[in-house]
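This report looks at how two chains meet and at how one of them is built. The sequence and structure come before the description.

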Protein chains: 2
Amino acid sequence: MSDSAKTPVEFYFDFSSPYAYLSGLRIDEVARLYERQVAWKPVMLGVVFKTTGATPLLDQPLKGDYSRRDLLRTARLLGVDFAFPNQMPFAAIAPSRLFYWLEEQNPALAKSYAKAVFSTAFQEGVSVNSPEIAADVAAKLGVDREAALAACNDPAVKDKLRVANEQAIAAGICGAPFFVIDGEPFWGNDRLDHVERWLATGGW
Amino acid sequence: MSDSAKTPVEFYFDFSSPYAYLSGLRIDEVARLYERQVAWKPVMLGVVFKTTGATPLLDQPLKGDYSRRDLLRTARLLGVDFAFPNQMPFAAIAPSRLFYWLEEQNPALAKSYAKAVFSTAFQEGVSVNSPEIAADVAAKLGVDREAALAACNDPAVKDKLRVANEQAIAAGICGAPFFVIDGEPFWGNDRLDHVERWLATGGW
C-alpha cells in the first residue's frame, strides 16, 4: 500500500492532559516508522467527562497524588522535560479553537502550534487557558496576534471545536490521549506500545 | 544483598479486577527475575472507591465498552486465556477472606488459592462471589470445604480483610492492580514494564 493510501493515526487529546503531552512528543515518530501520518484532534475533555461522569484525574483523592508521581517518573524515564502548569487542569478552549482555525489555513502550522501549546503548558509550566496566552503562543510562530484573538471568538471557529467534540464522543473517545488506527481504539499514553505493535502488524 | 534481605513486591488487587488477573499471571515471574518474592494482598476495591469516588470501570459509559475491547486485545497479545465472569464486577469478599485465612496457615497454599480464584473467574467465567463458590475453589486444592465455609464467617478472619483494606487505603492504593516496590507505587497492569525496570535498576 502506498503511503498516501494509508489512513492517518487519529490522536485525540485535551491540551490540558499531561499524559497527552507525553504522547504528543512521540506519536508522530512512532507513526512515521510505519509510514503513517497523524491527525491531531484537540477536544475538550470536560465535555467528554459529562458523558462518562469522570472528574479530572489530578483532582481525585489518592489518584491525584499517585498520578503526579507517575507523571514525573514517566517523564524521567523518557528523558523529557516536564513541569506542572500553574493551573491544573486548565480550560483549553482557546488553544483548541486556534488549532482548528490554523488547520484550515495550514495543517503543518497547526501541528507546530499544538506542540508549542504543549511545551508552554508542560515545559514552561504556563496554563494556556485564555485567548491572550493562546494568541501569544501563535504569535511566536509568526501568526498575526490580533487575527488569532479574533478567531477565538469567531462563531465559525467555535463551531469547528464543537463539531470535533461531538465527533470524538460519537467515536467513543473516553479519555486522553486516545488513538484510533483504522477504527481500532487505544486509550492512554501507556498504550503507545500497543499502538506501535498494531501499526507494525496490522492487528492481532 | 541476599535474596532474603530484599523486601517483597507488594501486589494489591481485587479478585474482581480483570486487569489484576492479567498481572497475577506475570508478577511472580517478573519478580523472580530480580530475586524478589511477591506479597499478594487482595483488597475490596469497593472500599477504596468510597475514598476515591470512582465507580467500577466496566460500568462506566464509553470507558466500559473500551475496556472490554482492551482486555480481550491485551489477553490476545499476551497469549493468555480470558473470559468475562458471569457477573461483573462481583463482590469478592468471600475469596478475599479465605485468602487471608489460608495465608495464616500456609502462605504458598494461599497464593495457589488466589491463582485458582482468578482462573475460575477469568478463564472459566464464574464469578467467585459467594462463600459456596469460594469454598469450592478451595476444596479443589484439598482444603476442607466445611472449614472454609466456616472461615468466611469467622470474626477473626473478617477482621484480617478489614485491616488489609485499611492498610491499602493508608498506603495510597487507588486502584487495582497496584504494586509497591520499596515504597515506590505503580498502578495498573500497564505499569508492569516500569515495575520490571524499577526492579532491574533500583529506580531512576
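## The interface

Between chain A and chain B there are 16 residue pairs in polar contact, both residues being at pLDDT 80 or more; a polar contact is a pair of N or O atoms within 3.5 Å, where within protein one must be able to donate a hydrogen and the other to accept it, and residues adjacent in sequence count only if both atoms are side-chain atoms. Helix 3 (45-52), helix 4 (63-78), strand 4 (184-187) and helix 10 (192-201) of chain A each supply at least two residues of the side of chain A that touches chain B, and helix 4 of chain A gives the largest share, eight residues. Helices (H or I, at least four residues) and strands (E, at least two) are DSSP runs, numbered from the N terminus.

The rule finds eight salt bridges across this interface, a salt bridge being a side-chain nitrogen of Lys or Arg within 4 Å of a carboxyl oxygen of Asp or Glu. A:Arg191 forms a salt bridge with B:Asp190, with the closest N and O atoms 2.8 Å apart.

## The sheet of chain A

In chain A, four strands form an open sheet in the order 2-1-3-4, with mixed pairing, where two strands pair if DSSP finds at least two bridges between them. Strand 2 (38-42) and strand 4 of chain A stand at the edges, each with a single partner strand, so one side of each is left without a neighbour in the sheet.

Strand 1 (residues 9-13) and strand 2 of chain A pair in the parallel sense over five bridges, and A:Trp40 in strand 2 of chain A is the bridge partner of A:Phe11.

## Basis of the values

This is a predicted model, in which local features need pLDDT of at least 70 and side-chain atom pairs count only at pLDDT 80 or more, while totals for chains, interfaces and linings use all residues. Residues are numbered from 1 along each chain as its sequence is written, chains are lettered from A and ligands numbered from 1 in the order in which they are written, and side-chain values use heavy atoms, with hydrogens and water left out.
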